[in-house]
Amino acid sequence: MSDDNVMYDSPLEFMNDAASSEECVAQSAIPVGDAYVCACVCDEWQVTAASLEEGLTLAKRHAGVQDPSPA
Ligand SMILES: [Zn+2]
């Protein structure tokens, strides 16, 4: 028996933990009609954007990513 196994008990548990992560590591933008529904893996953020570009901008802002584009 080894005591150094502090990993998750099962892959399923890992997936559940990843799905409920509070880390805003990924956002999705799903086209719905003529708009885009954007959501984050933290499951606490979802918006509807008029365009993909707007959605990505909002996603970056949510995730705390600085927009490198000049002001
Ligand atoms: Zn988030």
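Accessible areas here come from the Shrake-Rupley method with a 1.4 Å probe, and for residues only the protein chains shown count as cover. On that basis, the accessible surface of this chain comes to about 5,800 Å², of which 54% belongs to carbon and sulfur atoms. The model is a predicted one, in which local features need pLDDT of at least 70 and side-chain atom pairs count only at pLDDT 80 or more, whereas totals for chains, interfaces and linings use all residues. Residues are numbered from 1 along each chain as its sequence is written, and side-chain values use heavy atoms, with hydrogens and water left out.

Let me begin with the overall layout. The chain has two helices and three strands, where helices (H or I, at least four residues) and strands (E, at least two) are DSSP runs, numbered from the N terminus. Read from the N terminus on, the order of the elements is α-β-β-β-α. Of the 71 residues of the chain, 14% count as buried, a word I use for under 20% relative accessible area, with exposed meaning over 50% and partly exposed what lies in between, using a 1.4 Å probe and protein chains only. As for contacts, meaning heavy atoms within 4.5 Å, residues 24 or more positions apart account for 8% of those in the chain with a separation of 6 or more.

I turn now to the strands, which are taken to pair if DSSP finds at least two bridges between them. Strand 1, residues 27–32, runs antiparallel to strand 2, residues 35–40, and six bridges join the two. Within this pairing, Ser28 has Ala39 as its bridge partner in strand 2, and Pro31 stands opposite Tyr36 of that strand. The hairpin of strand 1 and strand 2 has two residues between the strands, and in this hairpin Gly33 takes a positive phi near 65 degrees. On to the next pairing: strand 2 and strand 3 also run antiparallel, and four bridges join them. Here the bridge partner of Tyr36 in strand 3 is Ala49, while Ala39 stands opposite Gln46. In the hairpin of strand 2 and strand 3, with five residues between the strands, it is Asp43 that takes a positive phi near 65 degrees.

Ala39 lies in strand 2 and counts as buried because its relative accessible area is 19%. Its C-alpha atom is 5.3 Å from that of Ser28, although Ala39 and Ser28 are eleven residues apart in sequence.

From helix 2, residues 52–63, I would pick out Ala59, which is buried at 7% relative accessibility. Leaving aside neighbours within four places in sequence, Ala59 is in contact with Gln27 and Trp45. The C-alpha atoms of Ala59 and Cys38 are separated by 7.2 Å, with the two residues 21 apart along the chain, and Cys38 counts as buried at 1% relative accessibility.

Which protein donors does the zinc ion have? They are Cys24 (SG), Cys40 (SG), Cys42 (SG) and His62 (NE2), lying 1.9 to 2.3 Å from the zinc ion. Donors are N, O and S atoms within 2.8 Å of the metal (3.2 Å for Na, K and Ca), and water is not among the atoms, so sites may look incomplete. Along the chain, the donors follow the spacing C-x15-C-x1-C-x19-H. Because Cys42 lies in the loop between strand 2 and strand 3 (46–49) and His62 in helix 2, this pair ties together parts that are 20 residues apart in sequence. Cys42 is buried, with a relative accessible area of 9%, as is Cys40 at 8%, whereas His62 is partly exposed at 25%.

The site of the zinc ion is tetrahedral, with angles of 101 to 115 degrees among its four donor atoms, given that four donors count as tetrahedral if all angles lie between 85 and 135 degrees. For four tetrahedral donors, the ideal angle at a metal is 109.5 degrees.

Finally, taking a disulfide as a pair of cysteine sulfur atoms within 2.5 Å, the count comes to zero disulfides.

Terms used: Four donors count as tetrahedral if all angles lie between 85 and 135 degrees; four count as square planar and six as octahedral if opposite donors are over 155 degrees apart and all others between 65 and 115; anything else is irregular.
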